[in-house]
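Please follow this explanation with the sequence and the three-dimensional model open side by side.

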Amino acid sequence: MSSASCDPSSSGKGSKGGKEGNLKWWQLSLTGVGCTIGTGYFLASAIGIKITGPSIVFSFILAALGTYIVFNLLAKMTAKDPQEGSFCYYAKKAYGKWAGFSCGWNYWTSNILIMGSQLTALSILSRFWFPHVPLWVFAAGYAILSILVVLTGTKGFDKIEDILAVVKTAAIIMFIILAAAAMFGWLHSDADRPGIPDSAGAFFEDGFKGFWSSLIYAFYAYGGIEVIGLMAMQLKKKEDAPKAGSVMLILLASIYVISLGLAVAMVPIDAFHEKESPFITALSKNHLPFFPHVFNGAIIIAGFSTMTASLFGVTNLLVTLAKDGDAPAFFGKKIKKMKDLPLPSLGLASVGLLLSIITALLLPGKIYEYITTAAGILLLYNWFFIVISSFKLLKAKIWSKLMGSAALLLILAAVSGTLLEKNIRPGFFVSLGIIALIAIAVIIMKKKVWDSNPTENTG
């Protein structure tokens with residue numbers, strides 16, 4: 001899962017973008033790859049593997065297709081009407097104030113859950129070395145450290161992000177090289193490798209139901225693409241956005257599919273579990289004592305930077321919501337003595353992290369599945385807004401509308417698939433509860449604010 005720091009504005013909704021871009025299309029492609037790879041792939045993919053087996057590679061291919069369509073539509077809207085704000089602006093323009101409000105708060109909430117998922121993932125990965133330390137202890141430690149970084153105003157973290165993006169990508173490439181060497185017999189191994197499945201039953205571990213349920217984790221691994229879509233406005237040639245998106249998704253899908261394909265071919269499916277990265281599990285029988293430590297360390301360092309950058313982004317997002325009248329004005333206040341730090345906004349984001357820690361304390365066994373599932377679903381609700389907004393704002397040809405409809409079907413399949421697996425089903429109801437709260441807020445805002453000022457309810 002990518003970080004909010006990759007957002008050029010570091011906020012959700014904003015002003016007209018009039019700056020000339022200086023990015024080349026290939027730079028956007030590489031930035032997209034680095035920003036998108038995250039703990040959602042390094043750890044959450046293990047849940048998908050456990051649910052569906054080797055067919056997880058198909059899940060990632062389908063998710064790549066859906067992701068590309070969403071990116072392409074957002075890039076076209078951005079090229080037509082460049083905005084430094086997010087896709088929430090396009091939702092408001094297409095359907096009115098309620099859509100922009102809903103989109104903004106859904107995005108804020110999804111990012112809070114994503115941070116909770118990242119926080120939990122970092123805690124799980126840290127228990128690799130300290131298995132007896134309670135999950136919530138690590139969660140509290142990482143949360144406090146992340147808040148301290150934000151309090152110091154260390155936005156140099158954005159520069160470090162580029163380096164850590166390389167670290168994440170290098171970690172996967174290292175796995176691919178070592179795994180390929182193991183498969184060719186160049187490394188000694190005690191593993192009983194299942195190899196490439198030779199039947200549909202072996203490929204689809206839990207039948208079509210398991211495959212359907214795994215889609216949410218494949219989409220989650222591509223999460224953040226909506227932010228990269230906004231960066232299309234920084235391109236020198238805006239018309240290169242679709243090309244940049246195509247190359248980015250081909251690179252991402254190739255990295256994901258090859259690494260996951262090697263992982264599921266190296267050890268039995270029942271060896272994978274959500275408490276360890278599937279790539280460490282895959283090489284656990286190959287007598288490479290350095291690999292788990294190096295790989296785990298690289299993921300934790302990169303994951304922490306992603307979470308901290310997300311905290312920066314979420315904090316700024318709430319400030320923008322407040323300025324747009326979609327949140328109490330109190331959250332737009334900045335403390336001049338603290339480098340213009342939006343302390344109230346940071347405080348609310350910190351409450352979200354605190355709730356993740358409390359949940360980790362109360363539900364240490366299932367917390368990661370629940371939070372990650374809910375975060376993935378809310379992310380797809382954002383994508384839903386992007387697609388339906390494009391239907392109204394773009395003069396699309398029949399082919400584009402068919403592609404957009406295909407993306408909606410894939411999004412619907414990923415969301416509904418969470419109902420089929422009892423271990424991840426609670427995440428669906430968590431997301432439903434959040435949407436219900438946002439809907440109630442919309443009704444209140446309509447009666448108390450928008451109806452009294454009708455001009456504010458236009459896109």
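Does Ala140 count as buried or exposed? The model is a predicted one, in which local features need pLDDT of at least 70, side-chain atom pairs count only at pLDDT 80 or more, and totals for chains, interfaces and linings use all residues. Residues are numbered from 1 along each chain as its sequence is written, and side-chain values use heavy atoms, with hydrogens and water left out. Ala140 has a relative accessibility of 18% and therefore counts as buried, where buried means under 20% relative accessible area, exposed means over 50%, and partly exposed lies in between, for a 1.4 Å probe and protein chains only.

Across the protein chain of 459 residues, 58% count as buried. The chain has 18 helices and zero strands, these being DSSP runs numbered from the N terminus (helices: H or I, at least four residues; strands: E, at least two).

Two packed helices are described by the angle between their axes and the distance between the axes. Helix H6 (residues 97-126) packs with helix H14 (residues 290-323) at an angle of about 160°, the axes being 9 Å apart; the axes are lines fitted to C-alpha atoms over the stretch in contact, and angles run from 0 to 180 degrees between N-to-C directions. The angle makes H6 roughly antiparallel to H14, since angles over 145 degrees count as roughly antiparallel, under 35 as roughly parallel, 65 to 115 as roughly perpendicular and the rest as oblique. By class, the contact of H6 with H14 has 17 nonpolar, eight polar and no charged residues, with Ala, Val, Leu, Ile, Met, Phe, Trp, Tyr, Cys and Pro counted as nonpolar, Asp, Glu, Lys and Arg as charged, and the others, Gly among them, as polar.

The structure also holds 27 aromatic pairs, meaning rings of Phe, Tyr and Trp (its six-membered ring) with centres within 6.5 Å, whose planes count as stacked under 30 degrees apart, edge-to-face over 60 and tilted for the rest. The rings of Tyr41 and Phe279 have centres 5.2 Å apart and planes at 45°, so this pair is tilted. Because Tyr41 lies in helix H2 (residues 39-42) and Phe279 in helix H13 (residues 278-282), the pair ties together parts that are 238 residues apart in sequence. Both Tyr41 and Phe279 are buried, and both belong to one aromatic cluster that also includes Phe42, Phe60 and Phe175.
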